[in-house]
Amino acid sequence: MLKVYYCPSCRKVFYLQFETNTECRSCGADMVKSRISFNHFTSMSPIRRRVELRNEFQSSEYFKPKYKEDDFI
């Protein structure tokens, strides 16, 4: 069964079958396993996927905002 992983550094989503190497293939950071199942995740629209990931990781220590608030001033 595939599992959904999220990279908090580069914000990419990966689907992994085995949990042996959870290092991001793009940037090398450690990825975090999502609570969302693969079947549920792939049945969502792309916008809904982003919303669900944001809701899951925003309150955690893994979420890093893409922009700082100073960028908008």
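This is a predicted model: local features need pLDDT of at least 70, side-chain atom pairs count only at pLDDT 80 or more; totals for chains, interfaces and linings use all residues.
Residues are numbered from 1 along each chain as its sequence is written, and side-chain values use heavy atoms, with hydrogens and water left out.

**Exercise 1.** Find which elements the chain has and in what order they run.

Solution. Helices (H or I, at least four residues) and strands (E, at least two) are taken as DSSP runs numbered from the N terminus. On this basis the chain has 2 helices and 3 strands, and from the N terminus on the order is β-β-β-α-α.

**Exercise 2.** Work out how strand β1 pairs with strands β2 and β3.

Solution. Two strands pair if DSSP finds at least two bridges between them. Strand β1 (residues 3-6) runs antiparallel to strand β2 (residues 13-16), with 4 bridges joining them, and here Val-4 stands opposite Tyr-15. The hairpin of β1 and β2 has 6 residues between the strands, and in this hairpin Arg-11 takes a positive phi near 65°. Strand β1 also pairs with strand β3 (residues 32-37) in the antiparallel sense, over 3 bridges, and Tyr-5 stands opposite Lys-33 in β3.

**Exercise 3.** State what share of the chain is buried and describe its accessible surface.

Solution. Buried means under 20% relative accessible area, with a 1.4 Å probe and protein chains only; 26% of the 73 residues count as buried. By the Shrake-Rupley method with a 1.4 Å probe, the accessible surface comes to about 5,600 Å², of which 49% belongs to carbon and sulfur atoms.

Definitions and conventions:
Buried means under 20% relative accessible area, exposed over 50%, partly exposed in between (1.4 Å probe, protein chains only).
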